[in-house]
Number of protein chains: 2
Amino acid sequence: MAKEKKLVEAITSMDVDFAQWYTDVVKKAELIDYSSVRGCMILRPNGYAIWENIQKELDKRFKETGVENVYMPMFIPESLLQKEKDHVEGFAPEVAWVTHGGLEPLQERLCVRPTSETLFCDLYSNIVQSYRDLPKLYNQWCSVVRWEKTTRPFLRSMEFLWQEGHTAHATAEEAEARTVQMLNVYADFCENVLAIPMIKGRKTDKEKFAGAHSTYTIEALMHDGKALQSGTSHNFGDGFAHAFNIQYTDKENKLQYVHQTSWGMSTRIIGAIIMVHGDDSGLVLPPRIAPVQVMIIPIAQHKEGVLEKAYELQGKLVSSFRVKVDDSDKSPGWKFSEQEMRGIPVRIEIGPKDMEANQAVVVRRDTREKIVVSLDELETKVQEILDTMQKDMLERARAHRDAHTYEARTYEEFKNTVANKPGFVKAMWCGELDCEMKIKEDTTATSRCMPFEQEKLSDTCVCCGKPAKTMVYWGRAY
Amino acid sequence: MAKEKKLVEAITSMDVDFAQWYTDVVKKAELIDYSSVRGCMILRPNGYAIWENIQKELDKRFKETGVENVYMPMFIPESLLQKEKDHVEGFAPEVAWVTHGGLEPLQERLCVRPTSETLFCDLYSNIVQSYRDLPKLYNQWCSVVRWEKTTRPFLRSMEFLWQEGHTAHATAEEAEARTVQMLNVYADFCENVLAIPMIKGRKTDKEKFAGAHSTYTIEALMHDGKALQSGTSHNFGDGFAHAFNIQYTDKENKLQYVHQTSWGMSTRIIGAIIMVHGDDSGLVLPPRIAPVQVMIIPIAQHKEGVLEKAYELQGKLVSSFRVKVDDSDKSPGWKFSEQEMRGIPVRIEIGPKDMEANQAVVVRRDTREKIVVSLDELETKVQEILDTMQKDMLERARAHRDAHTYEARTYEEFKNTVANKPGFVKAMWCGELDCEMKIKEDTTATSRCMPFEQEKLSDTCVCCGKPAKTMVYWGRAY
């Protein structure tokens, strides 16, 4: 019993210290472990299995739009990285440099990819000749390295896993359509699978990707009212094509530059799952992404027939759900705590009394509601419960976000809101960098995006009072 | 017509120059492209899709044996790499070193993982405490880097993709059983999915992995009579456990060292697929691994109804096969050449005359046999043809290997065989390093393995004439 209490006590309450709660959850749910390499985390089985499911779902959606997977080298020669001016300025300060191979110094140092635009451009300049070769819709699943000063599991680490899509198109219109299409793929995936509602919009010039014409983003609101950029999609126009000389002959036999995009989502999104859905008992995983959806926990498993019954139920459910039996020699209470800590969507409690009554108790992780279910209906009921839970989780997340989304029409109101009400603040903006900088300096809030769904809150910029061009979502962010 | 001839002419015949044939195939089938980074290749969609299928098949088999996936950092601090003496000696000369992060030099340099034993040991020393924590059966899919002097696509490149399994067990017996189990998983996969028969055996001390007690290997014979080591499984005993202090308390509450294994298969196996099954028209992919199994090629596709019919057939087959329609504006002959170059197992030719006769022509890639099939039976027949092709490919590969496996009882016979008959040579060995070295120096053949299936060819070592301990497969190798 002492041991059982320990597991639960060990988590800091999210209301006491949200950052510590987060750290406790990622460790106690065994998602990650720290490694001997500063800033690099180890993805343990519970954490990696979530990423595998994310990969499976996203990869399927990418391929449905015609995307093909490839694998590019992890190293980029310094001269290649330098070909596009804005891009190298953005990334050179934060890359890891390989200077020796075996026992010899290298003639040219290589950086470990922080992102692979330059390598894809190099490839496209070799394999794109004619309009028949377009579009190229390539993606890779890999890890990238960015030499960060401070790191946090999933949210910011020196090495992280992601996918990076890189496309080349004949026209500017096609590139723009692809940029938006992939942002929509991300947003739909987050809402339908991860139960996280997203604000879709465009980044300001200050916040856009190094080398991009425009960057689109999906932004989510965490439980503590801070924003998390969850996926981005960039339209490069023909800037990289000029830098890398990627040209094709069109149908009139004239040379044209291609138009390019890139788009990425990373293990960072696992941080969003934790911070949107988690509670003081640990992780709460949306059923559609949970590596284990159902944990069957036998009660009094030493009694005759109980374990057998648990396996029998597993056998019944295994074709429809990702289901396991916890047959370890721990007490049921300890197993409940572990199932809750790991965020497994439902547990099924089955003991001698349940067996007599031909029933089981199904417990939802999110609401802790206990539902007595006849064993004859178990499969149908579990499906219903998981579907309801998935829907409820999205609705709760949306309600939380909406309740923490504010409007500001004056600068006083803006500053007060950011200072006292964690969440998004919607406010009008003149479009000038000066105002964006001043807001950040005065409040630490940054522009999250210029949402596709615009509202006209007033005619003037919330900061300088000059005519407003656009409404912006502002917020403190991870 | 000139263009069509060009595609085919561009491949060197394998009998003229096998190495050039290989290079031509990997390029013309668009499996890889060379990159701006010396020795690193780009896996293009046709190549990466083969790897994705290999991953899917292997991953499923791993998980069926209880293995869980994780992800470890790509960097290893120099001090960690140095903890196990044999291991660091084996790998330090061929690793890439990161010496700078961002603009700063690092206090301790990091190597890019050439393999991850040291990182897994570091993790296990933190998370293994009790016998209840064992076994640990972890695997990761990642890329590794080895600073090779000369490189060849798939066979030897500076960076390559692989999986590396790392397990920790309570007893030596369990570790040994796991080592053999995973070798069998590899061998079964290669035979049943890749149609490549394997010799299973143990490596000599000279050829075993740096730090291992014993290394098991599967060895395949390529079309040119050279051997290819295709997968390895290592038993480390408790050597790493001592170096990294990985201990657990057993049921009697006594501290014990764990026993460990590791096992890996890489993109190198794609080289084996090419060199075992390919022919002078290009790649020949076994149906079970082919990313596209069936290519439908419309004949006279400008004629009314032909393209529609092709799509209709695709619709009929798509639930059972990976099937595509080549509806590009190239000529049928050009499309045939491409399908053959890419090794797509069967093509279905459908034109106006076929439509009138309610039939299609199915052409096997391996034998080029043309089979006229009624459209009413298309699905069944295609399945039969693919099954037969898969079986025939394995049988042909086995027959080729057996026809190129020789026995030698005297050293003269041995030297003549290696010099004149490319293939495996079976011969007895005394077990001494001196003889193994002399054989390599005299003939360039190396010991491939001491096969599990031993035969007693004679009583004496083929090299020194002293009493023989074991039969060895020898051969020139990639």
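Visitor: How do you know which residues count here?

Guide: This is a predicted model, where local features need pLDDT of at least 70 and side-chain atom pairs count only at pLDDT 80 or more, while totals for chains, interfaces and linings use all residues. Residues are numbered from 1 along each chain as its sequence is written, chains are lettered from A and ligands numbered from 1 in the order in which they are written, and side-chain values use heavy atoms, leaving out hydrogens and water.

Visitor: Why is the pair of A:Y124 and A:Y138 called tilted?

Guide: Rings of Phe, Tyr and Trp (its six-membered ring) pair if their centres lie within 6.5 Å; planes under 30 degrees apart are stacked, over 60 edge-to-face, and the rest tilted. The centres of A:Y124 and A:Y138 are 5.7 Å apart and their planes stand at 45 degrees, so this pair is tilted. A search of the whole structure finds 35 aromatic pairs over all chains.

Visitor: What makes B:F91 and B:F209 a tilted pair?

Guide: Their centres are 5.5 Å apart, with 55 degrees between the planes. The pair links distant parts of the chain, 118 residues apart: B:F91 is in helix α5 (residues 85-91) of chain B and B:F209 in the loop between β9 (199-202) and β10 (214-221) of chain B. Helices (H or I, at least four residues) and strands (E, at least two) are DSSP runs, numbered from the N terminus.

Visitor: Are B:F91 and B:F209 buried or exposed?

Guide: Both B:F91 and B:F209 are buried; that term means under 20% relative accessible area, with exposed over 50% and partly exposed in between (1.4 Å probe, protein chains only).

Visitor: What makes A:R347 lie over the face of A:F336?

Guide: The rule asks for NZ of Lys or CZ of Arg within 6 Å of the ring centre and within 35 degrees of the ring normal. A:R347 lies over the face of A:F336 at 3.9 Å from the ring centre, and A:K226 lies over that of A:Y478 at 4.4 Å.

Visitor: Which residues touch the most other members of the largest nonpolar core?

Guide: A:F75 and B:F75 do, in a core of 144 residues. Such a core is a set of buried Ala, Val, Leu, Ile, Met, Phe, Trp, Tyr and Cys residues joined through side-chain atoms within 4.5 Å. Beyond its neighbours within four places in sequence, A:F75 is in contact (heavy atoms within 4.5 Å) with residues including A:V98, A:L119, B:V37 and B:W147. Another core, of 32 residues, lies apart and includes B:I76 and B:F236.
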